[in-house]
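Work through these exercises with the model open beside you. Try each task before you read its solution.

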Amino acid sequence: MIIMCCKCKKIRSERGWMHSHIPEDRVISHGYCPDCYLQTIEEIEECGIIKHVS
Ligand SMILES: [Zn+2]
């Protein structure tokens, strides 16, 4: 199974996250690469959905 970032369309490989051709017979699971994950968390925080407790 291949993990593809649903934001930047990079796929996860043994060498890290990169743009690459995906064979049509592979099963793709969508997720986030580390960069887009952090970006998404920041976007959510900006919307005030997640509140920090200090
Ligand atoms: Zn990404």
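The exercises below go from the whole chain to single residues.

This is a predicted model: local features need pLDDT of at least 70, side-chain atom pairs count only at pLDDT 80 or more, and totals for chains, interfaces and linings use all residues. Residues are numbered from 1 along each chain as its sequence is written.

**Exercise 1. The whole chain**

Find the helices and strands, then describe the confidence, burial and contacts of the chain.

Solution. 
- Step 1: Count the elements. The chain has 1 helix and 4 strands. Helices (H or I, at least four residues) and strands (E, at least two) are DSSP runs, numbered from the N terminus.
- Step 2: Read them in order. The pattern along the sequence is β-β-β-β-α.
- Step 3: Check pLDDT, the predictor's confidence in each residue, from 0 to 100. The chain averages 89, and 89% of the residues score at least 70.
- Step 4: Check burial. A residue is buried if 20 or more other C-beta atoms lie within 10 Å of its own, exposed if 12 or fewer, and partly exposed in between; C-beta atoms are placed from the backbone. Of the 54 residues, 4% count as buried.
- Step 5: Check contacts. Two residues are in contact if their C-beta atoms, placed from the backbone, lie within 7 Å. Among contacts between residues at least 6 apart in sequence, 52% join residues at least 24 apart.

**Exercise 2. The helix**

Solution. 
- Step 1: Locate H1. It covers residues 34-46, which is 13 residues.
- Step 2: Take the expected span, 1.5 Å times one less than the number of residues. For H1 that is 18 Å, and the helix reaches 18 Å from its first C-alpha to its last.
- Step 3: Look for buried residues. The number buried in H1 is 0, so the helix lies largely in the open.
- Step 4: Look just past the helix. Gly48 takes a positive phi of about 80 degrees there.

**Exercise 3. Tyr32 and Lys9**

Which loops hold Tyr32 and Lys9?

Solution. 
- Step 1: Tyr32 lies in the loop between strand S4 (28-31) and H1. Its 19 C-beta neighbours inside 10 Å make it partly exposed.
- Step 2: Tyr32 touches Cys5, Cys6, Lys7, Tyr37 and Thr40, not counting residues up to four places away in sequence. Tyr32 and Cys6 are 26 residues apart along the chain, yet their C-alpha atoms are separated by 6.1 Å.
- Step 3: Lys9 lies in the loop between S1 and strand S2 (11-13). With 13 C-beta neighbours inside 10 Å, Lys9 counts as partly exposed.
- Step 4: Check the backbone. Phi of Lys9 is near 65 degrees, a positive value in a residue other than glycine.
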